[in-house]
Amino acid sequence: MALNIEKIKLKMSEMSIGNKELSDKSGIPLRTINNILGGITKNPSIDNMLAIAKVLGSMVEELTYEENQQYYLNSEAGKLAQEMYERPEMRVLFDA
């Protein structure tokens with residue numbers, strides 16, 4: 001699950017807190033916060049996501065990407081599954 005950095009920054013702005021305060025309140029090292037908000041860390045740990053959400057008074061789901069979420073994490077796996085689903089002779093695999 002990837003955090004939506006823009007949503008986090010907006011929430012931080014609304015609460016008038018910066019990276020340092022988010023770090024202090026969440027217990028996450030400032031460097032890690034900077035990496036997350038700078039887009040360097042794409043998939044932070046669930047513990048970090050929970051800590052950030054708690055400080056921001058949000059649920060993790062509110063701070064993640066909503067649009068274009070895919071069932072499969074790997075796009076190639078998603079394509080293969082769709083191809084199998086569309087082929088009648090392979091569709092039996094989905095019923096198993």
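Contact here means heavy atoms within 4.5 Å. Keep that cut-off in your viewer as we go. You have a predicted model open, where local features need pLDDT of at least 70, side-chain atom pairs count only at pLDDT 80 or more, and totals for chains, interfaces and linings use all residues. Residues are numbered from 1 along each chain as its sequence is written, and side-chain values use heavy atoms, with hydrogens and water left out.

Start with a cartoon view. You will find 6 helices and 0 strands; these are DSSP runs numbered from the N terminus (helices H or I, at least four residues; strands E, at least two).

Next, select α4. M49, A51, I52, A53 and V55 are buried there, meaning under 20% relative accessible area with a 1.4 Å probe, protein chains only (exposed is over 50%, partly exposed in between).

Now colour the largest nonpolar core, which has 18 residues. Such a core is a set of buried Ala, Val, Leu, Ile, Met, Phe, Trp, Tyr and Cys residues joined through side-chain atoms within 4.5 Å. Two or more of its residues come from each of α1 (5-15), α3 (30-37) and α4 (46-55), and α4 gives the largest share, 5 residues.

Which residues have the most contacts inside this core? Pick I8, L22, I52 and L56. Then centre on L56: leaving aside residues up to four places away in sequence, L56 touches I8, K11, M12, M15, I17, L22 and L63.
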